[in-house]
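This report describes the fold of one chain and the side of that chain that touches its partner.

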Amino acid sequence: MTAPLDAPGKTAEVPPEAVLAGAGVKAIQGRSLGQIAWMRLKRDKVALAGAGVVVLLIITAISAPLIVDVFGHPPNEFHQEMIDTSTMTPKGGTGISGDFLFGVEPVNGRDLFSRVVYGARISLLIAVLATLLSVVIGTAMGVMAGYFGGWVDTLISRTMDVFLAFPLLVFAMALVGVLGQFEQNLGVTGDTLRIGLLIFVIGFFNWPYIGRIIRGQTLSLREREFVDAARSLGARGPYILFREILPNLIAPILIYATLLIPTNVLFEAALSFLGVGIQAPTATWGGMLSQAVKFYNVPHFMFFPGMAIFITVLAFNLFGDGLRDALDPKTSR
Amino acid sequence: MVTYIIRRLVGALLMLVIVSMVTFSIFFVIPRIAGATAEDFASRYMGRSADAEMIAVTAEKLGFNDPIPVQYGRWISGVFVGSEFDTGASIEECPAPCFGYSFIRRQPVWPDLVDRIPVTLSLAVGASVIWLIGGVATGVLSALRKGTIFDRAAMSIALAGVSLPIFFTGIVSLVVFSYGLGITAPGGSFTPFLENPAQWAYSLLLPWITLAFLYAASYARLTRAGMLETMSEDYIRTARAKGMRESKVVVKHGLRAALTPILTIFGLDLGLLLGGAVLTESTFSLKGIGDYAVQAIVTNDLPKIMGVTMVAALFVVLASLIVDLLYAVVDPRVRLG
Amino acid sequence: MNKRSAVAFAAAGAALSLGLSACGGGGGETTPADGSSGAPAAAEAFNAGLEAVFNPSDKKGGVLKMAISEDWDSVDPGDTYYALSWNLIRIYGRSLVTYTPAPGAEGRKLSPDLAESLGESSDDGKTWTYKLRAGLKFEDGTPITSKDVKYAVLRSMDKETLVNGPTYFNDWLDLPKDFKSVYKTPDVNTDSAIETPDDQTIVFHLKKAYAGFDNFAALPGTIPVPKDKDTGVKYREKVIASGPYKFDKVEPGKQYTLVRNEHWDPATDPIRKALPDSYEISLGVNADDLDNRVLAGDLHIDLAGSGVQPAALGRVLGDPALKARADNPTGARTWYTSIMSNVPPLDNVDCRRAIIFAADRVGLQNAYGGEFAGGDIATGLMPPSIGGWKKLDLYPTGTGDVEKAKEALTACGKPEGFETVMAYRADRPKEKAIAESLQQSLGKAGIKLDLKGYPTGDYFALYAGKPDFVKKNGIGLATNGWGADWNDGFGFMSQIVDSRTIRESGGNYNLSITDKEIDAKIDEALLETDVAKRDAIWGEIDQRVMEQAYVLPSVWSKSVLVRPQGATNVFVTGAFDMYDYLNLGLE
């Protein structure tokens, strides 16, 4: 289950004159795509809000230790005194106070706020790096398929089809489970390997989404006049690739990368929820939700990690949507 | 037309072969690279009372010492003609199609899956009908009423829908509607359609709505975007200029064109869902294929995991094939291409 | 071996039809003396079913609805090792002797079932003879003979076909060398182990004397199986009943329905009342949902008998009306953490002691569910209900004594602490909580734990129970738990402290106690014929285990059970520490 991206649609054609006219600019000076996009983006309040939240999240993730130092307690530290020992629930229901901003977890009394903040670290780290991996592989593959065509294209396209045919979650679960054996056989300890594993699995399975879009974009860019012009001037393959085509791909890459990140956040949360993500006691949003299911009579335990996931995904989606609208004038809102 | 069909069929078959090979290597080759021995495989199959000798014998008998291609060949042929597993203690039969034999549960994998397919099927098909109709309708209306309150509200809700993890919405709705208000069936109460259609629908109501909400949201967005693009095309203007009724313009020209990419995705989504709506089934305790996969992974039951993965992939490929063939019916350009 | 209690685990489920339990229909013969039929329901009170029969009645009729969230190993009497199964099996099977259906400690006493009386020993306890009652029949009318009991015992010993059950008969019967199994060597004469001189008599010959053989005779392995109907591992799909009920619908993993067995003769069965008309058992029901249904009255019994889920616990203990429906039995089960004495630096006893000093014992209790649902903080390995139990006072039972821990660390040469790996069963949230708790509390003394979760199914076969895996991965601590097969020292301790049960190939429950003194004491206990003296020896073994810090015990397990609405004869049996399933009836 993923938050599906748009189908590969028509490419972003930017007739500069039309946009200029719409912007009401008097000078005939041409504006670059970036400048146009930026102007449109600035007008889109909702997208800006999303971007703001994204920035906030990133800052939170990076400065998690600092935040927790000031506002909370170490994420794995138990606070049994907050727990009612007969029912194992926090005394007084949630335990929310100035000391424990989000309250405490049942049974062990861990500071929920700290755990959510540290969870942001893990979720964003994995999602962003996995997206990076997908983008790198997807762009490389997509460009090759689109530009060279022929059997290269067929091979790469079929490979993408194979990837898309896999029951993603089941496969990822099984793969992490099997590769988890690696850890055991090698006797490795710690979170790092597991994080790397998740980045690899998530990133590796999602590259076809980027790949298909880039391929489509490359295909149409290839036939554009400026490419012909460059060729007629004597430019050869690599030059055209790097100087003409790639720069024009930055926009779609940016858009779809931004839209892929929330998908990957959900993916990682799902894997943690099912128990194959990062192992205890490290805090992850998905992991906390899976524990919260057992304690549905302590609703704040479910609420905060769930909302954290929601807000993160929403913010990235809003920003990504705004970015796409800004860079693709045909779909005006 | 015929060549198209044949090509698609061959393509699907090839896909299945590749998927089977990848599945097989994940479970049998990668662990080897990580240092697993034939004995490790055998002991995982045998359970706790076996001693070193018995394990070695089992490893030999079950063929874990054979070269990888041979093992693969044996597994694949098992799918078609069935196979027997001689563990040294007894001979376990696994009739065709044999997707694996779980030693932990002492049962072939396929019959369990067959039992569970109706559950996943009910869940997926029911939800898909709801989301397709609901999502597309919402998207069309939003596109037509672009910029109005309806559009903004619908798109906001849709955005929320794709941003919420289904295991979160699922649990919350379970707690609120089933445990709390008691108006929907609690998790795990599935009644087969043939037994009692009314009860069947009731038991699936909450999972359907929760699942459909997620997909309807994204389909609404997709449809809206697609409609907006299509409706701004020249031929729409022409149709209007010719005096065609607006509703006909929207449906016959606008929607038809916008629908094509939607259907592609629908086929793929449905196929993937059939391959295991893991999260929904987990959350609502439905005994479908996805839940089977989770169980298999938690209990580290290798044959089950392999079997489920293969069957899930089978569904996806099948769904894609059906969509491709439907395309040929609907879109003449495809037939010739 | 370990009698497992099913740990609840969210899984999927087929539906149970709705509707409250119907108050039973026709054919009700009520004995006026105890009859509470028509009388108002007994007064609900917390723990009312613990030592007394709640809502006694002899009213017949109705459908008893049971459900469980997780499946158990098998309904085949020769292939099962779960406490809930041993409890339930008495409905459709009769063993030579069985546990008396009576509340509390009375329930641990054995009563003759198929046999006329408890076993007669001779040859200094190496030979045991039982005489079967007359008039016993299987569900198809064929008479039950001693040969059927012998066959049942022999088949249960084939651990390759029927992998699950206990191995007491394998270990103790005096079998001929060429006998492998009833399936592989059916013609080998096994009279040296079990003799059936006539259809009513069965004689067991042991390799060594054992005074408690009746405990073996109570095992489901002695439930008779007709040889011509035995289908090996498939027998679980069609078990031939010898008890008052037989299987009607068998859908493994989904549901079982049992109905009356017309060939069961109540005249031959003084212990069973056989009140309900039928039983409906649903498997794979979502655990939280199960609790809600029991509380609402839709279901009678959670078959697992291990207590309500955390969410329901809050409700039950928080609401006085619900609390009055609860019973809080203590089980003959200890949850503990094995301290591997063969993995450095835990080969030094002071390092091991440091772990116990530093551990937050209250935190461990909370991890298992607190004082009600978890259990009492355990001071020793053996639970209090086992004969010979003494309260030990070797270590503090507070929230961890870092001072003492540091002293012990200095004594073992690691004043700054050390690092080790802790293994736990990944899909058991309570064990995860234990691991996390220990990581925190031991960390305060400088002992750093790296937590690794392993799948439950293979935990003992491939991971914590496999010596070279443990050594290779430096696993110093491993979560563990043990329930007594029966309530004496042998029934509890034998498989978990005897070094001679450790196998290199894995599958061990004794994760690393290799202590010659303990082994010697075990041998002493087995030879001791005086019960009090024998129990005392097991108490000494318990003490040595704790002195040598081989084990960090967490709790003696307790569970919070909820009495069914509309059921009669509800009580907790001391045999299984859950509701006795044998004589439940409907109002």
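How many helices and strands are there in chain A? Chain A has 12 helices and two strands, where helices (H or I, at least four residues) and strands (E, at least two) are DSSP runs numbered from the N terminus. The model is predicted: local features need pLDDT of at least 70 and side-chain atom pairs count only at pLDDT 80 or more, while totals for chains, interfaces and linings use all residues. Residues are numbered from 1 along each chain as its sequence is written, and chains are lettered from A and ligands numbered from 1 in the order in which they are written.

From the N terminus on, the order of elements in chain A is α-α-α-α-β-β-α-α-α-α-α-α-α-α. Of its 333 residues, 51% count as buried (20 or more other C-beta atoms within 10 Å of the residue's own, with C-beta atoms placed from the backbone). In helix α11 (residues 285-294) of chain A, nine of the 10 residues are buried, including W285(A), M288(A) and L289(A).

Contacts (C-beta atoms, placed from the backbone, within 7 Å) link 45 residues of chain A with 48 residues of chain B. Elements giving two or more residues to this side of chain A include α6 (150-165), α10 (237-274) and α12 (299-327). The largest share, 13 residues, comes from α7(A). The residues on this side of chain A divide by class as follows.

| Class | Residues of chain A touching chain B |
|---|---|
| Nonpolar (Ala, Val, Leu, Ile, Met, Phe, Trp, Tyr, Cys, Pro) | 34 residues |
| Polar (the others, Gly among them) | eight residues |

Methods:
A residue is buried if 20 or more other C-beta atoms lie within 10 Å of its own, exposed if 12 or fewer, and partly exposed in between; C-beta atoms are placed from the backbone. Two residues are in contact if their C-beta atoms, placed from the backbone, lie within 7 Å.
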